[in-house]
Number of protein chains: 4
Amino acid sequence: MKIQAGCELRFTAEADVPIILMLRPRSGDAQWIVSDQYLIDPVVPVTEFTDSYGNLCQRLVVPAGPFTVSTSTQAETADEIDVAVGAPYTPVQDLPTDVLGFLLASRYCPSDQPAIAKQAAAIVDGLLPGYNQAEAIRKWIHEQITYQYGTSNAQTSALETLENRIGVCRDFTHLGIALCRSLNIPARMVVGYLHELDPMDLHAWFEAFVNGRWYTFDATQAVPKGNRISVAYGRDAADVAFVTQFGPMTLDNMEVWVKPADTDTPT
Amino acid sequence: MKIQAGCELRFTAEADVPIILMLRPRSGDAQWIVSDQYLIDPVVPVTEFTDSYGNLCQRLVVPAGPFTVSTSTQAETADEIDVAVGAPYTPVQDLPTDVLGFLLASRYCPSDQPAIAKQAAAIVDGLLPGYNQAEAIRKWIHEQITYQYGTSNAQTSALETLENRIGVCRDFTHLGIALCRSLNIPARMVVGYLHELDPMDLHAWFEAFVNGRWYTFDATQAVPKGNRISVAYGRDAADVAFVTQFGPMTLDNMEVWVKPADTDTPT
Amino acid sequence: MKIQAGCELRFTAEADVPIILMLRPRSGDAQWIVSDQYLIDPVVPVTEFTDSYGNLCQRLVVPAGPFTVSTSTQAETADEIDVAVGAPYTPVQDLPTDVLGFLLASRYCPSDQPAIAKQAAAIVDGLLPGYNQAEAIRKWIHEQITYQYGTSNAQTSALETLENRIGVCRDFTHLGIALCRSLNIPARMVVGYLHELDPMDLHAWFEAFVNGRWYTFDATQAVPKGNRISVAYGRDAADVAFVTQFGPMTLDNMEVWVKPADTDTPT
Amino acid sequence: MKIQAGCELRFTAEADVPIILMLRPRSGDAQWIVSDQYLIDPVVPVTEFTDSYGNLCQRLVVPAGPFTVSTSTQAETADEIDVAVGAPYTPVQDLPTDVLGFLLASRYCPSDQPAIAKQAAAIVDGLLPGYNQAEAIRKWIHEQITYQYGTSNAQTSALETLENRIGVCRDFTHLGIALCRSLNIPARMVVGYLHELDPMDLHAWFEAFVNGRWYTFDATQAVPKGNRISVAYGRDAADVAFVTQFGPMTLDNMEVWVKPADTDTPT
């Protein structure tokens, strides 16, 4: 269906603060960007570039004082995520070159830690390698990790989430990624919008590469829904922060909304 | 100023025809894309990718029958192009790596042809190397080449334009590029929108790299104006066609419009 | 088999001349670089970069006076080129993104010229789309175009070769590429070494993309042989010159050699 | 001076094991690769690709049994590393786009950890931002962290090294990088060869980006020496492992050697 999503972020900068934003979604396999609006106030020079993952990033210097970013995107999205029970594992030697980096340990997904590998082995014991393993990991996280705000922070890694058994969508995602990678299944983080997420917020989930393509997995949901707008992809949250700031700036308010597109007024 | 630009292209395909479109502008040095809308009818799957020049390209298969693409973009643009009289030539050894390819001869800009080099030498005789040379080339083309529709076609190269002394914006651009390159000044083609172009159409101009950056040159105008929205960059028209089609499809109608943005309704 | 190839280029520069060399082969699908040696005399600073086709390029400024480049490469190569009679055409919509650019017209391969398309259609009349078409083009060139040194120059395009029916390996290659592209078969130029080429020289051939991969075609030979070392890939000779110079420099002497590797002394 | 360096790695694989090697150095700012040899035994197909940092990587599947890789490189290197006392900090907004990723936290360099930032602030207190800060960090690590084999492992992060005050070149490097990044100085890991390293081994150090370019820092040495051959660059050890293996394979023996090049026999 066609959905409309957006956010408004209100900041106060104490001084001139360079920032990098990732708030411009791109058309991709499961989404077509019908329209996109991106407003900043005050208007300052912005440079947009593509990072090594293909994300559109916006660089600017926020002047001291209040600063607002508001975006609105209308996209055709798939009503259901693709599910592929039984889809086979893609051997490492057959992976496309640009997928290989998603096998490596990263800041919040220390897939090299023995405890991660041990847990992954336990979860997938006896399963067919590939999609079924990634789905078992997703389901295990959904059932074993408690979803609760305020229990983790910007330093929390998948290893800590595994130990503490509590976190939010970001932590669920990191744990899913780390467990997949320990099985040599490439996995990456996606941040974006999800229709009917409750409570509404910017969301995160993961994708695993099996049978020659990426599949969507969302450990925060009993049955993952479609109608997602992906905004950025990366190894983990270090790569795909909506805002990366290099100086003192506070986020005073954030609003996020997703709704069916009004068919009469396209944007 | 903030301008609003767009186009509507109506095609009829005789069969399923794969095409590549370049109609999604990106934010860049002299433009900030405030909003962008991209509609196709009928809706079919589209894959968007970034080409080697950084352009956003849309791949799809047009089904047999009528097909319409309509886009609308609102952008903050500079009222004036940057002018830098006296800005020095950038020696080849100091050029950024990704600029080097714009020194090479290309399909419509055969800068390796002796007649091109000879003409360039005559135009810039005695001038300070750099901006002044590119500007002299631009001015010479404006004064010496007659602008007239229907005098060139999709095969016309800069060499033919130099011989025939007649053409349209595409030909003026190719000639400017070829002459600059023959002087070892990197030059590239830009296609996009220009406010107050008369008659209104999709437009083309060129950029030359001097003093460490790209500058805008438009040989179709006595005094080149600002308020441009660049849509794609490349070596020449082969790289930056709005539509590249691989099968029988006719363009039945095209409308292009550029106007000051309505400040009340942002998209 | 393991072959050893190299060249020695002797130049005289009249002044400081910036140049770009492409003389460092990379390991690829059909070749493994066992060893590589690259000497310049006098020794000056060199920057090596990767161009948009993945070629390793060397930038430097040749000082006024004599300058020598000598390279030697030992590589494992395939004794036979891959032949795939009947391999099907890859539809444009299924081509990998990075192959699309090889469908476009380029400086020396003006595949948009009606005369090129007309000739291609005549050659492939009745053939199965794909490999057989590319092979028919290769064979037609071999039989219809006379191989003769001194009949073409650095400005000669495939259209002229088609008209004049004479040229060298570079011209044969450009014509093969242009004819393939006019049929929407991606084609690219390869420059490198060929064992037992007679007379020995730096060589050029083309590759066409059918059935999901690149295949080798060499119109200069009745039956194309294997044991090739590819040094660079590109749209045409503008992209893959062994030496691109930006100033007055003469090539005084060039020697090229290819032989079976001496198994005792690996480099 | 011209140095000759290489390594021989002897493995035993228990089954077919896909691996990625990074053992082919590239010519760069401070090194020119005169010759390079890369032997594997048994000979199996290898694919070489360039990763997102520009490193040449070799993919292959090691068959069960013994496997040997031996490389040898001769390079012109600088006798001294560049030192730039007083070179100023490059503000984030002025950094090249491709440098921005080296500001982010990574697996072994968790620069987002408050303990890292606190330590960095203490080390650079009162210093001029830029080169002097990175050098103070390097010197502090050299003086405060004990160099001792066997005290860390493949999971050890910079935070642990900061706490335990002990480690090897890899840990020194990770700590230097993490401390620099916490000050918004881009920093990256380099692995390669260092002439006269004692005991000889594959080595690791870091580079920090100040005053518009990368500078070399080596915390393992009282006075860092030149004559280095860089083999790979990345965010941390996850990106630049000489061998990344995806299955059971043991390293039975490793030899590394660096010596002045024999001027008579170039390879």
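## Two sheets

In chain B, strand β2 (residues 17–24) runs antiparallel to strand β5 (residues 56–62), and six bridges join the pair. Within this pairing, B:L21 lies opposite B:Q58 of β5(B). The model described here is a predicted one.

The two strands belong to an open, antiparallel sheet of four strands in chain B, with the order β4-β5-β2-β13. The edges of this sheet are β4 (47–50) and β13 (243–245) of chain B; each has a single partner strand, so one side of each has no neighbour in the sheet. On average, neighbouring strands are turned by 25 degrees against each other, with direction ignored.

A second open sheet has eight strands, and chains C and D both supply strands to it. Its order is β14(C)-β1(C)-β6(C)-β3(C)-β3(D)-β6(D)-β1(D)-β14(D), and the pairing is antiparallel. Reading along that order, the step from chain C to chain D falls between β3(C) and β3(D).

Which strands stand at the edges? They are β14 (249–260) of chain C and β14 (249–260) of chain D. Each has a single partner strand, so one side of each is left without a neighbour in the sheet. From one strand to the next, the twist averages 10 degrees.

One pairing inside the sheet can be followed residue by residue. In chain C, strand β3 (residues 31–41) and strand β6 (residues 65–77) are antiparallel and share ten bridges. Here C:I33 is placed opposite C:A75 in β6(C).

## Domains of chain A

Chain A is split into two domains. Domain 1 takes in residues 2–78 + 242–260, while domain 2 covers 92–224. Domain 1 is therefore made of two separate stretches of the chain, and domain 2 of one. The centres of the two domains, taken over C-alpha atoms, are 25 Å apart.

Where the domains of chain A touch, domain 1 gives eight residues and domain 2 gives nine residues. On the side of domain 1, the elements that give two or more residues are β1 (2–13) and β14 (249–260) of chain A. What classes of residue make up that side of domain 1? It has eight nonpolar residues, no polar ones and no charged ones.

## How the chains are arranged

Chain A can be superposed on chain B by a turn of 180 degrees and a shift of 0.0 Å along the axis, with an RMSD of 0.0 Å. This is the relation of a two-fold axis. The C-alpha of chain A nearest the axis belongs to A:D36, at 2.6 Å from it. Of the interface residues of chain A, 100% are also interface residues in chain B, so the copies meet through the same surface.

Chain D puts 26 residues in contact with 26 residues of chain A. On the chain D side of this contact, β2 (17–24) and β5 (56–62) are the elements that give two or more residues. By class, that side holds 13 nonpolar, eight polar and five charged residues.

Chain A and chain C, in contrast, are joined by no contact, and their closest C-alpha atoms lie 12 Å apart. Chain B and chain D do not touch either; the distance between their nearest C-alpha atoms is 12 Å.

Conventions
Residues numbered from 1 in each chain as written. Chains lettered and ligands numbered in written order. Predicted model: local features only at pLDDT ≥ 70, side-chain atom pairs only at ≥ 80, totals over all residues. Contact = placed C-beta atoms within 7 Å. Least-squares fit on C-alpha atoms with pLDDT ≥ 70 in both. Nonpolar A, V, L, I, M, F, W, Y, C, P; charged D, E, K, R; others polar. Pairing = 2+ DSSP bridges. Axes fitted to C-alpha atoms, helices over the stretch in contact; angles between N-to-C directions.
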